[in-house]
Amino acid sequence: MGLSALCPGTFDPATLGHVDIIERAGRCFDGVVVGVLENPGKTPLFSVEERVAMLKDALADVANAEVTSFSGLLVDFAKARDLRVVVKGLRAVTDFDYEMQMAQMNSAMGGVETFFVTTSPQHSFLSSSLVKEIARFGGDVSKLVTPYVRDRLEERLGAARRA
Ligand code: PNS
């Protein structure tokens, strides 16, 4: 039995930065479970099914990656799936406080340990929120997300822009 990592996130939508972190985690662990948070408290642009479909498309060639959704606490999902390691990307020091707090809380609550991967430099400025903002105003996101995600963004936001 190998050791699998959990890559959790909201992924609204997944960016090439996320895909890079997941692929790199997949090369370090025997498997990667990508957990898409279904967060009833927030209203994401894309449904959890749509976000899962985007990641399945992006990771179709990553044989040891599995994409699924979860709700509730990350530690409970990790326990249910027998996962003890979380992998997250760090873009810049501005991510650090929040990520450290979550990592310490998850370790204290559920014995889940978090490993941080530094984002590739070409992705350090990339975020789902910025991608949505750029797409909303008609900017080109084709270097920031997969073609599939770019098309879904255009479907969702393009009509409103043209109206
Ligand atoms: O991509 P994000 O939005 O930075 O991911 C955040 C995520 C999904 C990893 C985090 O919000 C999470 O784990 N949520 C599940 C609820 C939970 O366990 N909260 C307590 C964290 S200490």
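Which helices and strands each supply at least two residues of the lining of the largest pocket? I looked this up and found β1 (4–9), α1 (16–28), α3 (74–80), β4 (85–90), α4 (93–110) and α5 (128–136). Helices (H or I, at least four residues) and strands (E, at least two) are DSSP runs, numbered from the N terminus.

Before going on, I noted that this is a predicted model, where local features need pLDDT of at least 70, side-chain atom pairs count only at pLDDT 80 or more, and totals for chains, interfaces and linings use all residues. Residues are numbered from 1 along each chain as its sequence is written, and side-chain values use heavy atoms, with hydrogens and water left out.

**The pocket.** I read a volume of about 1100 Å³ for the largest pocket. A pocket here is an open set of points on a 1 Å grid over the protein atoms alone, where a 1.4 Å probe fits, with protein on both sides within 12 Å along at least five of seven lines; lining residues have an atom within 4 Å of a point. I counted 40 lining residues, with P8, G9, T10, K88 and E99 nearest the centre. Helix α4 gives the most to this lining, with 8 residues.

**M105.** I found M105 in helix α4 as well. M105 is partly exposed because its relative accessible area is 49%, between the limits of 20% for buried (under) and 50% for exposed (over), with a 1.4 Å probe and protein chains only.

**E49.** I placed E49 in helix α2 (residues 48–58). E49 counts as exposed because its relative accessibility is 57%. From E49 to V36 I noted 9.2 Å, C-alpha to C-alpha, with the two 13 residues apart in sequence.

Conventions
Points joined across faces, edges and corners; volume = space filled by probe spheres on them.
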